[in-house]
Amino acid sequence: MSCRRIQKRICILCFALLFQFGATAQKGCQEKLSGLITGQDNEAVSDALIGLNPGGWLRISDAAGSFEFDGLCPGLYTLSVIRLGYVSFYTEVQVQEVDAQLSIQLSRTNEVLSEVPVEKAHHRDSSGLGVRLSEKDLWNAPSSSFSDQLENVRGVSLIRNGSGIGKPMVHGLTGNRLNIMNRGVLHSAQQWGNDHAPELDALSAQEIVVIKGVGSLSVPGASNGASIFLQATAIPFSDRWKGRTAYAFGTNGRSHSLHALLSKNTGSWTWRWNASFYREGDGQAPGHRLTNTGSLRGSSSLEMQHHFRDGSNLELFLSHFQAELGILRGAHMANLTDLQSAFQREEPFFTRSEFSYSIDAPRQEVRHELIQFQWHRPFYKGSLKSIYAFQYDQRNEFDIRRSGRTNIPALKLDKSQHFFETRVEQEIGNWDGTLGFQYIRTQNLNDPITGILPLIPDHLSGLWGMYFSSEHPSRCGLIEWGLRMEWGSRSVATIGSDVPRTILRYRDDLGNPSVQLGWEKDINSSHGIGVHLGYGSRTPAVNERYSFGLHQGVASLEEGDPLLKREHSFKASLDFHGTSGRWTYDLMAYAHWMDDFIYLQAEDSLRLTIRGAFPVFRYQQTDALIIGSDLQLGYRLGRNWVIRSEASLIRGDDREQNAPLVFMPPVRVQMGLEYKGTSIGWLKAPELQLTHRWTAEQTHWQEGQDLIPPPPAYGLWELRFSFRTGSEADGLIWSIRVENATNERYRDYLDRLRYFSDSKGINATVNVRYDF
Amino acid sequence: MKRVVFVLLASSALFLSCEDEVNDPLIPNEEEVITTLTYTLTGAGSVHTFTFQDLDGDGGNAPMITVDTITSAVSYNGSLSLLNETESPAGNITAEIFAEAEEHQFFFQSSDPALSVSYSDTDANQQPLGLLSELSASDPGDYSLTITLRHEPDKSASGVSDGDITNAGGETDIEVIFQIHVL
């Protein structure tokens with residue numbers, strides 16, 4: 001609260017400065033101008049700053065949203081209304097001898113509420129459906145990669161390829177079934193590979209929302225899976241540049257990272273720029289060095305917005321992301337014999353004892369560019385929004401090859417995507433409706449420089465999407481429903497395996513429907529319940545239908561099947577949340593039925609090649625069921641302490657063969673003790689967090705489903721301590737974080753490097769931040 | 001509003017009607033591929049060849065393996081030749097291996113000690129390479145011989161220079177098995 005008051009004062013001050021030049025004494029005039037400021041839902045908007053020029057008059061709206069100027073002379077004035085969280089409003093007013101009464105409606109700038117239909121009903125910070133990482137959470141660990149930021153969200157696991165490469169998995173689903181929306185635009189990259197980390201910098205967003213229950217209908221792909229939203233928040237009004245800079249050093253891998261953020265909001269123009277740089281060398285497992293696991297990341301983004309006087313605004317967003325990622329040298333396997341000898345080793349092959357920052361093959365080089373325009377225009381009880389975005393994603397993967405070919409990528413893919421969306425939101429009586437149209441054109445091409453037949457073929461697709469969602473608050477709770485239709489096609493050109501090589505063409509139909517229904521009810525002021533149901537189908541992805549080639553990491557051949565059918569999914573989730581005295585709780589249970597679920601299945605026989613025998617994995621379909629539960633329980637101990645426990649339980653089954661689904665996350669239980677204290681001398685606002693995370697052994701599997709049995713259970717301790725030195729306005733924020741504090745030796749089931757090596761040992765990160 | 005919907009639907013029909021085709025992909029020049037391994041044994045005035053040939057790579061048709069019969073108590077000079085027959089004329093991989101001798105080593109594993117292979121060549125560091133070898137069988141019978149080519153092995157690891165693959169590490173570029181009938 002005090003912070004808001006300070007912000008308000010700063011605003012008044014800035015505003016006063018802005019107007020002081022035009023301020024002249026107005027004497028002898030008696031006219032009045034009064035008005036009422038409301039928001040989209042007709043709520044009174046208090047604390048809005050109302051300026052009137054010429055004259056430099058200034059008022060602040062009261063709790064009822066009303067304001068009044070008096071002593072005005074008749075004439076033409078410009079009225080401006082500025083309020084945090086709302087689009088600034090400008091209008092011209094004719095002040096006459098008759099007192100005028102204005103009625104002004106502001107539209108929100110807080111995109112979270114309008115972007116995410118499912119989220120809309122959830123004003124709680126962490127509902128069972130949407131879990132939100134705030135800007136504060138993101139800046140608590142600025143050096144963490146996008147995926148690492150998400151790891152602490154219950155229900156989210158990471159599929160890893162060592163410590164540097166991770167991709168999120170929500171409720172057991174990842175890759176083609178998990179879409180990421182970056183500022184309303186579908187993130188376009190090589191989603192299909194398990195070792196393809198999202199090319200995103202978490203700090204380019206101000207918050208990340210994970211929708212776990214039933215995905216939002218604005219997300220293309222109609223997969224009915226979960227989705228992750230990177231969102232922007234409104235920039236606080238400030239006439240001067242505000243910013244933040246942070247530096248972090250991590251002991252394991254001797255990582256250095258530098259981050260910067262600058263923003264400015266002059267009322268009609270807003271600017272925001274951020275940049276991050278990260279460098280890490282070889283990591284260290286408790287017993288040995290993790291040779292060639294270093295990484296290098298750099299990213300920058302720029303946001304510019306212009307607010308027009310009629311309340312509409314135009315936004316330009318540019319972002320660049322680049323990374324070079326090393327993969328453990330001992331994890332590059334040429335055939336089954338190599339793999340089996342690697343399994344028998346304590347320490348991976350090619351382990352060097354000396355530390356190095358150098359990144360050699362096997363490695364990945366990725367680059368991602370985004371340019372985006374958004375136009376937003378509010379109108380009576382509604383708004384219109386249009387988006388165009390272009391994305392370019394380049395992925396180079398380097399293997400160890402003969403005769404100097406190590407520097408020629410073994411896989412090189414260029415993906416470009418055009419994204420168009422127009423969306424209308426309109427309130428009709430008690431109903432809140434959203435109608436959107438999308439067109440997405442995607443091209444993904446291989447570069448023949450590799451000298452290797454591509455793993456996935458070239459393809460070009462055009463996808464049309466139309467969705468409608470609606471919300472209806474009533475006495476028996478909030479009812480949400482919506483549907484989405486997609487149509488379009490994909491042209492695919494594969495290179496056949498016969499000699500001489502020939503080109504085979506395919507065309508896939510991308511038509512898919514999805515439907516959603518939700519009900520939310522506050523039982524009383526402190527307890528709530530929600531039920532969500534969703535159905536959707538998904539056309540098999542390019543890799544599932546057409547991939548063909550060798551996967552070096554696991555020494556296996558992967559083969560797609562062009563005859564795969566659509567996957568159908570039905571998901572139901574139920575959640576309870578609330579507070580009771582010192583307790584807070586959030587319990588969510590879900591069941592996800594998938595018919596013709598696409599998965600990789602090992603074939604019985606090995607394939608003989610000149611490099612030896614290889615297991616063959618082929619994409620197949622079955623009927624699957626994933627059930628699970630995410631639980632959270634908090635207990636407040638006195639004023640400063642909170643105990644928080646969380647658990648994620650998940651189980652996947654193949655209903656057709658009565659067998660477990662492979663690579664489902666094991667049970668995870670987390671216990672945490674948090675302390676938020678008052679200042680002790682120079683140590684201001686100290687915060688302490690001690691967390692123990694226990695990951696069970698995955699016991700729900702069958703012999704033959706995996707190359708080696710799942711690793712045993714492990715528990716990790718994490719300690720985090722942060723405080724401030726100096727004043728609130730001009731101080732340093734320090735944070736010390738110790739991961740794997742007991743230097744536990746462990747391997748994680750979802751980490752592909754578990755076949756070859758232990759995971760990272762203890763890592764202490766010191767992070768210092770300055771806000772200005 | 002109605003007009004917006006109409007324009008959108010009309011333009012969607014326009015886009016739908018022109019179904020774009022992706023351009024023909026360029027077929028990569030697979031110069032690194034090894035399609036054919038020939039192990040030629042010369043001794044007692046005769047020449048015997050053992051060939052492993054897989055022209056279409058990892059998928060498609062099964063490889064063709066040709067074997068021969070040799071005589072016991074004869075010392076044969078063995079030589080390996082590697083080809084990439086996806087190219088025309090065929091690429092000579094033997095020369096590539098020879099040029100990077102320090103980074104490569106062949107291993108010969110026999111199913112029985114009665115059939116043994118020893119190295120006849122070395123790299124610049126006086127460590128074995130295996131393009132040239134010597135093979136002899138002390139007793140008649142049926143043997144299997146596994147020929148492995150490792151890229152970036154640790155040639156100084158224990159036993160590796162004697163032809164023991166156990167501690168070699170590196171990646172397998174070739175692993176073929178020949179059945180050898182010894183009279």
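View 1. Strands count as paired if DSSP finds at least two bridges between them. Strands themselves are DSSP runs (E, at least two residues), and helices are runs of H or I with at least four residues; both are numbered from the N terminus. In a regular strand the side chains alternate between the two faces of the sheet.

Residues are numbered from 1 along each chain as its sequence is written, and chains are lettered from A, with ligands numbered from 1, in the order in which they are written. Because the model is predicted, local features need pLDDT of at least 70 and side-chain atom pairs count only at pLDDT 80 or more, while totals for chains, interfaces and linings use all residues.

**View 2. β38 of chain A also pairs with β39 of chain A.** Strand β39 covers residues 684-695 of chain A. Nine bridges link β38 and β39, again in the antiparallel sense. Which residue is the bridge partner of A:Tyr675 in β39 of chain A? The partner is A:Leu688.

**View 3. Domain 1 of chain A touches domain 3 of chain A.** The domain assignment, which is automatic or from a database, gives domain 1 (2-105), domain 2 (111-211) and domain 3 (227-771). The C-alpha centres of domains 1 and 3 of chain A lie 45 Å apart. Here 14 residues of domain 1 are in contact with twelve residues of domain 3. Contact means that the C-beta atoms, placed from the backbone, lie within 7 Å. On the domain 1 side, α1 (2-20), β5 (75-82) and β6 (89-95) of chain A each give two or more residues. Helix α1 of chain A gives the most, with five residues. This side divides into nine nonpolar, five polar and no charged residues. Nonpolar covers Ala, Val, Leu, Ile, Met, Phe, Trp, Tyr, Cys and Pro; charged covers Asp, Glu, Lys and Arg; the others, Gly among them, are polar.

**View 4. Chain A meets chain B.** The contact takes 45 residues from chain A and 41 residues from chain B. Among the elements of chain A that give two or more residues are α5 (336-343), β26 (458-474) and β34 (583-609). The chain A side holds 22 nonpolar, 15 polar and eight charged residues.

**View 5. Chain A has six helices and 42 strands.** Its radius of gyration, taken over C-alpha atoms, is 28 Å. The globule rule (2.2 Å times the number of residues to the power 0.38) gives 28 Å for 772 residues, so chain A is as compact as a globular protein of that length. Of these residues, 48% count as buried. Buried means 20 or more other C-beta atoms within 10 Å of the residue's own; exposed means 12 or fewer, and partly exposed lies in between, with C-beta atoms placed from the backbone.

**View 6. Two stretches of chain A have pLDDT below 50.** pLDDT is the predictor's confidence in each residue, from 0 to 100. Chain A averages 85. Yet pLDDT stays under 50 over residues 1-27 of chain A. It is also below 50 over residues 110-128 of chain A.

**View 7. Chain B has two helices and eleven strands.** Of its 183 residues, 33% count as buried.
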